[in-house]
Amino acid sequence: MIRMKSFIRKPWFQMVLGGVIIGIVLIAVDSRMNFFHRNKNPEKYNGAVEMNSNETYFTKIEFSETQFDFGKVKEGDTVMHEFKIKNTGGEPLMIYKAVGSCDCIVGLFTTKPIVPGAGESIKVYFKTIGRKGQQLRTVNIHTNTDPAESMLTLTGTVE
């Protein structure tokens, strides 16, 4: 009995016990509060931003190219290529984010809406430090188009 009392007084045990109790309470009230279930309502658009589907304005994007081969470069160089884009739809084009396939590649873009018919560019930078050999790197561009994601690719060899 004395062992059990000293065990219960340990701070780590009290924290674990408190976490278990909180977890049980959350699970018990989940049926009313919906903490763990996402609303799969087709009237909601869950892209880079969340909004009602009938208020979402989709447009079309056109790339002059989606792949670029930078050839051979020395390790330590930074490769940069501009991908030209054009809004070919009837609504303003928004670029929400650009996600690189690793921390060595990044896409820089305008945060302003691109009006229908206008063009812009996305600058993709690839740092070659510690990246010897054949390379294939990508940047996913998230926009208000359908589909919402487009992929830009850089390939080449780092010597």
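In the predicted model described here, Ile61 stands opposite Asn87 in strand 5, strands being DSSP runs of E with at least two residues, numbered from the N terminus. Residues are numbered from 1 along each chain as its sequence is written, and side-chain values use heavy atoms, with hydrogens and water left out. Because the model is predicted, local features need pLDDT of at least 70 and side-chain atom pairs count only at pLDDT 80 or more, whereas totals for chains, interfaces and linings use all residues.

The facing residues Ile61 and Asn87 belong to the pairing of strand 3 with strand 5 (residues 78-87), which runs in the antiparallel sense over three bridges; two strands are taken to pair if DSSP finds at least two bridges between them. These strands are part of an open sheet of four strands with the order 3-5-8-7 and antiparallel pairing. At its edges lie strand 3 (61-63) and strand 7, each of which pairs on one side only. On average, and with direction ignored, neighbouring strands of this sheet are turned by 30 degrees against each other, the axes being lines fitted to C-alpha atoms and angles running from 0 to 180 degrees between N-to-C directions.

A further open sheet of four strands has the order 4-10-9-6, and its pairing is mixed. Strand 4 and strand 6 (95-100) are the edge strands here, each pairing on one side only, and neighbouring strands are turned by 20 degrees against each other on average, direction again ignored. Within this arrangement, strand 4 pairs with strand 10 (residues 149-158) in the parallel sense over five bridges, and Asp69 stands opposite Thr155 in strand 10.

The loop between strand 7 (105-108) and strand 8 contains Thr110, a residue that is buried, with a relative accessible area of 17%; buried means under 20% relative accessible area, exposed over 50%, and partly exposed in between, for a 1.4 Å probe and protein chains only. When residues up to four places away in sequence are not counted, Thr110 touches Ile95 and Glu120, contact meaning heavy atoms within 4.5 Å. A polar atom of the Thr110 side chain lies 3.2 Å from the backbone nitrogen of Lys112. The C-alpha atoms of Thr110 and Ser121, which are 11 residues apart along the chain, are separated by 8.1 Å.

Two aromatic pairs are present in the structure, where rings of Phe, Tyr and Trp (its six-membered ring) pair if their centres lie within 6.5 Å, and planes under 30 degrees apart count as stacked, over 60 as edge-to-face and the rest as tilted. The pair of Trp12 and Phe13 is edge-to-face, because the ring centres are 6.2 Å apart and the planes stand at 90 degrees. Trp12 counts as partly exposed at 48% relative accessibility, and Phe13 likewise counts as partly exposed, at 22%. Phe70 and Phe126 form a tilted pair, with 5.8 Å from centre to centre and 40 degrees between the planes. This pair links distant parts of the chain, since Phe70 is in strand 4 (residues 67-73) and Phe126 in strand 8 (residues 119-127), 56 residues apart. Both Phe70 and Phe126 are buried.

Finally, the structure holds one disulfide, a term used for a pair of cysteine sulfur atoms within 2.5 Å. This disulfide is formed by Cys102 and Cys104, whose sulfur atoms are 2.2 Å apart. Cys104 is buried, with a relative accessible area of 6%.

Conventions: Polar contact = N/O pair within 3.5 Å; in protein donor to acceptor, adjacent residues only side chain to side chain.
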